[in-house]
Amino acid sequence: MSGRTIKLAAIGALMAGTLVAQTHKELHFNVGARAVVSVNNPYGSISVKPSAGNTVSVSAVLSSDKVEIDSNQTGNRVDIQSHLLPGANEQSGHVDYEILVPADASVSLHSTTGPLRAERLHGDMTLEGSAAIVDVRDITDAHVHVKTLNGPVTLTNVIEGHVEVDSLSGAITLNRVTGPLVQVISTSGGINYTGDFGDGGEYRLTSHSGDIEATVPEYTSADVSARSVKGEVHDDIPLQPKQHTSFIVKEGSAFVGTMGRAAVSSTVVLRSFSGKIHLRKRTAK
Amino acid sequence: MNCVELQKSLAEIEDGSASEQQAHLKSCPECSALVAELNRITSAAIELRAADEPSPRVWNSIEIALRQEGLIHAPLVGRSLIPSFGSRWAWTRWAVPAAAVLLITVGVYVHQRSLPVQVARNAAQPAVSAAVSGLETTGLNDDDLLQEISQQTPALRAQYEDNLRRANQYIEDAQSDVAANPNDEEAHRSLLAAYQQKAMLFELALDRSLP
């Protein structure tokens, strides 16, 4: 038998082994309005989308028999847990979930590796994962809480949200995220906001050493305060200066002022210690 | 009044006693549970400040709140998700989330109140003190945490060590900034944020899904 044949046979055996070991599991739960769905999956992805009716449908692909799915329904609450059996590791304990929930359900997703994804929902949501990539989009009227260690976080089209994102070192990107409260805290990750800061909301973007960049359209109305203790601060947009500030406004390291119509403006606070802060005007395409 | 409006209104009337709040709470079990939980946490926080050693009732309240939130579950037989801490670490399972809950609670309170600078500063100072106290009373020790991670998941040690170093630097810089700008409300908020970041690091490290 030639070396090439042996190699092909080995690859075939490996693939067959993988195919045999992988299993698919479907679960369905009937729930009422405002159900609560919690998923804890140490290794693997969780994707949540809206279902047509009052059902929670779980489709899971398990990578091996070293992991099981435990599920429990108590009234309107559904708990899903990937249960690692002895000897399981990141590969053999891997499970990928595709979950459909009623659009008004509250969801809590947890995975160390991720990725975590939620879209087109309007129930409150919590997404947590150390290294998980987090992607949240098309969410309305909901609390969105995200925590990661170094996983990057992207929020897109989150309208009227109560948004809190905390990441130690993951990059955080917010595209068209508005609401009464948008708070982002990072230790070393960069924060990038693109949008108009809504009407009358409170926006706090804070990073210790990460850069903060906010790109806003010309019509934006906001009271803006930006300060970097050791980094540079740049402002491409003319602001009406404020008379009173709680800190000394030093050229190049801080600016405070109002853009647009103050009557409907949001409060925007950009704060860093050693990162750069840049408030940019979005250029028309 | 819907859920979002109710939760916003809690910044003004925290115990949910206003008539509009009551009307919504009667029809919404989630918000009702939230208000009850906030009241419990507030009570627990007061007791934490008052005593050197929190009573078991405080930990029980926090445990119940965390269970209701789905943040913790009863241990499963044969489950290997939680690191097998010895007795030295057993208490931190509650102490760390407790610190995190305390930090989040004071953070929410400080955050939601739009107060003049002096009042905010007065509010933020005890909040930060409480946060510091929360971390100190739990006896959280960076070396212990790293040692535990080394034993359980050596591959993650470098990652946690790096983030821990950055979080500590954040706290140090935030403290310096508060000292230099004692009237800056945002400096106080940043210090609180720095402590929150470190609390989150511990929370994630000791989380139930840490392999």
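How many helices and how many strands does the secondary structure of chain B come to? And please show me how α9(B) and α10(B) pack.

A: Happy to! Please keep in mind that this is a predicted model. Chain B comes to 10 helices and 0 strands, so from the N terminus on its elements run α-α-α-α-α-α-α-α-α-α. Chain B has 211 residues, and 37% of them are buried. Among its contacts with a separation of 6 or more, 67% are between residues 24 or more positions apart.

Now for the close look. Helix α9 of chain B spans residues 154-180 and helix α10 of chain B spans residues 185-205; they pack at an angle of about 160°, with axes 8 Å apart. Because angles over 145 degrees count as roughly antiparallel, α9(B) is roughly antiparallel to α10(B). Their crossing is left-handed.

Who makes the contact? From α9(B), the residues include Tyr160(B), Leu164(B), Ala167(B), Tyr170(B), Ile171(B) and Val178(B). From α10(B), they include Ala187(B), Leu191(B), Ala194(B), Tyr195(B) and Leu201(B). Asn163(B) and Asp177(B) of α9(B) also take part, as do His188(B) and Lys198(B) of α10(B). By type, the residues of this contact divide into 13 nonpolar, 5 polar and 2 charged.

For context, chain A has 1 helix and 25 strands. Of its 285 residues, 49% count as buried.

How values were computed: Residues numbered from 1 in each chain as written. Chains lettered and ligands numbered in written order. Predicted model: local features only at pLDDT ≥ 70, side-chain atom pairs only at ≥ 80, totals over all residues. Helix = DSSP H or I, 4+ residues; strand = E, 2+ residues; numbered from the N terminus. Buried ≥ 20, exposed ≤ 12 C-beta atoms within 10 Å, placed from the backbone. Contact = placed C-beta atoms within 7 Å. Axes fitted to C-alpha atoms, helices over the stretch in contact; angles between N-to-C directions. Parallel < 35°, antiparallel > 145°, perpendicular 65-115°, else oblique. Left-handed = near helix turned anticlockwise from the far one by under 90°. Nonpolar A, V, L, I, M, F, W, Y, C, P; charged D, E, K, R; others polar.
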